[in-house]
Amino acid sequence: MSLGTAEDDSGSEIHIPAEIDWHMLDKSKFFFLGAALFSGVSFTLYPMVVLKTRQQVSSSRFSCFNMSCAIMRYEGLRGFYKGFGTSLMGTIPARALYMWSLEVTKSNVGTAFLELGFSETTAVAVANAAAGVTSAMAAQLVWTPVDVVSQRLMVQGSGGSKTILANLNSESYRNGFDAFRKILCADGARGFYRGFGISILTYAPSNAVWWTSYSMVHRLIWSAFGSYLSKGKSESNDNLSGVRPNSKTMVAVQGLSAVMASGVSAIVTMPLDTIKTRLQVLDNEEHGRRRPLTFVQTVRNLVKEGGLPACYRGLGPRWASMSLSATTMITTYEFLKRMSTKSQ
């Protein structure tokens with residue numbers, strides 16, 4: 001199941017690297033390099049995750065600019081990396097589980113559909129959709145507890161500003177281990193899986209759509225690119241056969257495909273993501289006792305705070321984070337797979 005060439009209507013073709021399947025990878029190198037590369041990606045994008053989370057949880061509306069200025073003024077650069085250590089500890093195994101599930105599912109489902117007589121286009125689409133669902137569900141087993149702990153650290157106020165940076169949780173935590181201990185004592189093991197169901201509802205369909213869209217858009221762009229080159233070459237009576245794009249062109253196509261594939265995802269899944277974040281972070285005080293918010297209470301609070309627009313607080317940072325994350329993730333991911341290919 002590989003995409004080795006892209007053809008236009010005239011039969012001219014442009015050669016692009018074939019898809020690298022799971023069995024072609026050096027697994028040790030794949031996971032080791034993946035941990036290093038994606039840790040760097042997480043570090044780069046983490047400040048936008050902090051901004052998004054604080055905006056989603058806040059009952060008042062603050063602009064991304066004002067929130068950023070307040071964090072920098074009262075907490076400094078460290079304020080943008082609250083909970084990063086905890087997040088990184090969980091991101092490495094979660095990302096490894098995600099990549100393993102993604103590659104194994106794509107390879108097995110794609111091969112099975114080809115053997116059943118389906119076209120390569122259909123097999124690729126179904127394989128990517130199935131891989132997106134299974135990888136998201138597998139990764140959430142690790143990511144949800146990490147999210148619960150790291151997001152609570154993100155929304156802790158500094159006390160320097162009573163409006164923007166007020167503590168948004170009823171509990172205070174010294175670090176990730178302290179947050180882990182207090183959540184375990186207060187809510188038990190179930191406390192680490194608050195919002196797990198809605199996380200699956202948010203990320204599984206989103207991943208399925210993203211990976212399917214990415215593979216389809218990727219093919220369309222290469223086909224259009226081949227047609228464009230064919231037209232230019234025919235006017236100059238040159239031969240297009242055997243043209244191979246350079247690395248910069250490949251990265252540009254991957255990045256454009258990623259941005260287009262994730263363009264609608266942020267808008268479609270934003271309300272569910274806001275509800276998920278609040279379920280994982282906020283508590284409700286009843287008769288002096290702290291209890292987790294229910295789904296109904298969370299939705300009711302959002303309706304009181306402004307209805308549907310309240311669900312889209314933090315859309316700007318999330319949109320930027322998803323676009324940059326998708327672009328860096330897919331280019332890093334494709335680079336990682338080629339770096340991890342077994343020697344022939």
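1. A cavity here is a set of grid points where a 1.4 Å probe fits but cannot get out, and its volume is the space filled by probe spheres set on those points. The model is predicted. Searching the whole structure gives two cavities of 30 Å³ or more. The largest cavity holds about 1000 Å³ of space.

2. Which residues sit closest to the centre of the largest cavity? They are R95, W143, Y203, S321 and S325, out of 35 lining residues. Two or more lining residues come from each of α1 (27–57), α3, α4, α6 (196–235), α8 (265–281) and α11 (315–339). By class, the lining of this cavity has 16 nonpolar, 13 polar and six charged residues.

3. The largest pocket contains about 580 Å³ of space. Its lining has 24 residues, with G83, T86, L153, N175 and G176 nearest the centre. The elements supplying two or more residues to this lining are α3 (84–115), α4 (120–154) and α5 (176–187). Twelve of the lining residues are nonpolar, eight are polar and four are charged.

4. Is T91 buried or exposed? T91, in helix α3, has 6% relative accessibility and therefore counts as buried, the cut-off being under 20%. Leaving aside residues up to four places away in sequence, T91 touches S42 and W143.

5. An unreviewed UniProt entry places the feature "transmembrane region" at residues 30–51 and 251–272. In the model, residues 30–51 are 100% helix and 0% strand, and the end C-alpha atoms of this span lie 31 Å apart.

Terms used:
Residues numbered from 1 in each chain as written. Predicted model: local features only at pLDDT ≥ 70, side-chain atom pairs only at ≥ 80, totals over all residues. Heavy atoms only, no water. 1 Å grid on protein atoms, 1.4 Å probe; cavity = no way out; pocket = protein on both sides within 12 Å on 5 of 7 lines; lining within 4 Å. Helix = DSSP H or I, 4+ residues; strand = E, 2+ residues; numbered from the N terminus. Nonpolar A, V, L, I, M, F, W, Y, C, P; charged D, E, K, R; others polar. Buried < 20%, exposed > 50% of the residue type's maximum accessible area, 1.4 Å probe, protein only. Contact = heavy atoms within 4.5 Å. UniProt positions renumbered as here; feature names shortened; annotations may be inferred.
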